[in-house]
Amino acid sequence: QVQLVESGGGSVQAGGSLSLSCAASGRTFSSYAMGWFRQAPGKEREFVAAISRSGGNIYYADSVKGRFTISRDNAKNTVYLQMNSLKPEDTAVYYCATELNYKSSQVPYEDSRRYDYWGQGTQVTVSS
């Protein structure tokens, strides 16, 4: 089993920045893609960013492209999300997830069904 714990959430003004971290523990040697998703009150959970095991493939939602940066450090079993130029519409609970069982391109990185384990989430609030 893999446990994921997000940290770094908080409240910022529009235009500000936050850095999220997701520390994984357990059987992380088999981790493939890592992803970030978010869910705002009354909204569906949506894809934010994903990164392949080696970091060679990175995907972003159009809504965050150019503002957010995903990265990972496999030696530290950690995935990061640097969020810049934050907007009120970025307000949500942010979840990290890991793909433990490889699923192939039949299930794209943007699809939450690709991932096997999820963190508890961390709140990000952006005020105007």
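Mentor: Strands (E, at least two residues) are DSSP runs, numbered from the N terminus. It's a predicted model, where local features need pLDDT of at least 70, side-chain atom pairs count only at pLDDT 80 or more, and totals for chains, interfaces and linings use all residues. Residues are numbered from 1 along each chain as its sequence is written, and side-chain values use heavy atoms, leaving out hydrogens and water.

Trainee: OK, which residue takes a positive phi in the hairpin of strand 4 and strand 5?
Mentor: Gly42, near 75°, and that hairpin has six residues between the strands. Strand 5 (residues 46–51) runs antiparallel to strand 4 over five bridges, with Gly35 opposite Ala50.

Trainee: And how many bridges join strand 4 to strand 9?
Mentor: Six, also antiparallel. Met34 has Thr98 as its bridge partner there.

Trainee: Why is strand 4 largely enclosed?
Mentor: Because five of its six residues (34–39) are buried, meaning under 20% relative accessible area, with exposed over 50% and partly exposed in between (1.4 Å probe, protein chains only).

Trainee: Switching topic: which salt bridges does Arg38 make with Glu46 and Asp90?
Mentor: A salt bridge puts a side-chain nitrogen of Lys or Arg within 4 Å of a carboxyl oxygen of Asp or Glu. Arg38 meets Glu46 at 2.6 Å and Asp90 at 2.9 Å. Asp90 sits in the loop between strand 8 and strand 9, 52 residues from Arg38.

Trainee: Is Asp90 buried or exposed?
Mentor: Buried, at 1%. Asp90 also bridges to Arg67 at 2.8 Å, and shared partners join Arg38, Glu46, Arg67 and Asp90 into one network.

How values were computed
Helices (H or I, at least four residues) and strands (E, at least two) are DSSP runs, numbered from the N terminus. Two strands pair if DSSP finds at least two bridges between them.
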